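This report describes a single protein model for a reader who works with coordinates. Terms are given with their cut-offs where they come up.

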Amino acid sequence: MNIGELARRTGCSARSIRHYDKAGLVASHRRDNGYRDFGEDAVPQVMQVARMIRRGFSLEEIATFPPCMLRQVTDSICPDALAAHRERLAEVDRQLFDLARLRERLLAVLDANTSPDEGTPHEPS
């Protein structure tokens, strides 16, 4: 199938599919006219790559996943990829912690520089 049909069937843009192909996450071959041609197996592969990106993984990280992660279109994680998901969750937790600390520092500075009649700067309006 051509890239337009693959895009239509997966809901991903042709541009994204080209990136996935370049990263080696979906297989294509070139027709005589130079256009990419994808097999039926590309549909679940593209859908799964898009799902992994929505979970916060980069194309480089996805490329290290075992093949089982590209064969299925499901929320289930193959056992070989559980460690990568746990590592990503730990990274998200670290980022949340760092952001919470940054938020507290900003609130402290704002509180110290806000007059009583202005109200607290962190209250929603």
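## Basis of the values

This is a predicted model, in which local features need pLDDT of at least 70, side-chain atom pairs count only at pLDDT 80 or more, and totals for chains, interfaces and linings use all residues. Residues are numbered from 1 along each chain as its sequence is written, and side-chain values use heavy atoms, with hydrogens and water left out.

## Overall layout

The protein chain has six helices and two strands. Read from the N terminus, these elements follow the order α-α-β-β-α-α-α-α. Both kinds of element are DSSP runs numbered from the N terminus: helices are H or I with at least four residues, strands are E with at least two.

Of the 125 residues in the protein chain, 29% are buried. Buried stands for under 20% relative accessible area, exposed for over 50%, and partly exposed for values in between, with a 1.4 Å probe and protein chains only. The protein chain exposes about 8500 Å², and carbon and sulfur atoms supply 53% of that area. Accessible areas come from the Shrake-Rupley method with a 1.4 Å probe; for residues, only the protein chains shown count as cover. Among contacts with a separation of 6 or more, 44% join residues 24 or more positions apart; a contact is a pair of heavy atoms within 4.5 Å.

## Nonpolar core

The largest nonpolar core contains 24 residues, and those with the most contacts inside it are Leu 6, Ile 17, Tyr 20 and Phe 38. Helix 1 (3–10), helix 2 (14–22), helix 3 (42–54) and helix 5 (68–71) each contribute at least two residues to this core. Helix 3 gives the largest share, six residues. A core of this kind is a set of buried Ala, Val, Leu, Ile, Met, Phe, Trp, Tyr and Cys residues joined through side-chain atoms within 4.5 Å.

Which residues does Leu 6 touch, not counting residues up to four places away in sequence? They are Met 1, Ile 17, Phe 38, Ala 42, Val 43 and Val 46.

## Salt bridges

The structure holds seven salt bridges, each being a side-chain nitrogen of Lys or Arg within 4 Å of a carboxyl oxygen of Asp or Glu. In one of them, the side chains of Arg 8 and Glu 5 meet at 2.7 Å, N to O. The two are three residues apart in helix 1, so about one helical turn separates Arg 8 from Glu 5. Arg 8 is exposed, at 59% relative accessible area, whereas Glu 5 is partly exposed at 27%. Another salt bridge joins Arg 103 and Glu 104 at 3.9 Å, N to O. Arg 103 is partly exposed at 45% relative accessible area, and Glu 104 is partly exposed at 48%.

Arg 36 pairs with Asp 21 in a salt bridge whose closest N and O atoms are 2.8 Å apart. Arg 36 lies in strand 2 (residues 36–38) and Asp 21 in helix 2, so the pair ties together parts 15 residues apart in sequence. Asp 21 is buried, with 14% relative accessible area. Apart from residues up to four places away in sequence, Arg 36 touches Met 1, Asn 2, Ile 3, Arg 18, Asp 21, Ser 28, His 29, Arg 30 and Arg 31.

## Nonpolar surface patch

Leu 99, Leu 102 and Leu 106 make a nonpolar surface patch of about 280 Å². Patches are made of residues with over 30% relative accessible area and no salt bridge; like charges are joined within 9 Å, and nonpolar side chains (Val, Leu, Ile, Met, Phe, Trp, Tyr) within 5 Å. Leu 102 belongs to helix 6 (residues 82–112) and is partly exposed, at 37% relative accessibility.

## Two alanines

Ala 23 sits in the loop between helix 2 and strand 1 (28–30) and is partly exposed, with a relative accessible area of 33%. Its C-alpha atom is separated by 6.9 Å from that of Leu 59, 36 residues apart along the chain.

Ala 84 is placed in helix 6. Leaving aside neighbours within four places in sequence, Ala 84 is in contact with Phe 57 and Phe 65.
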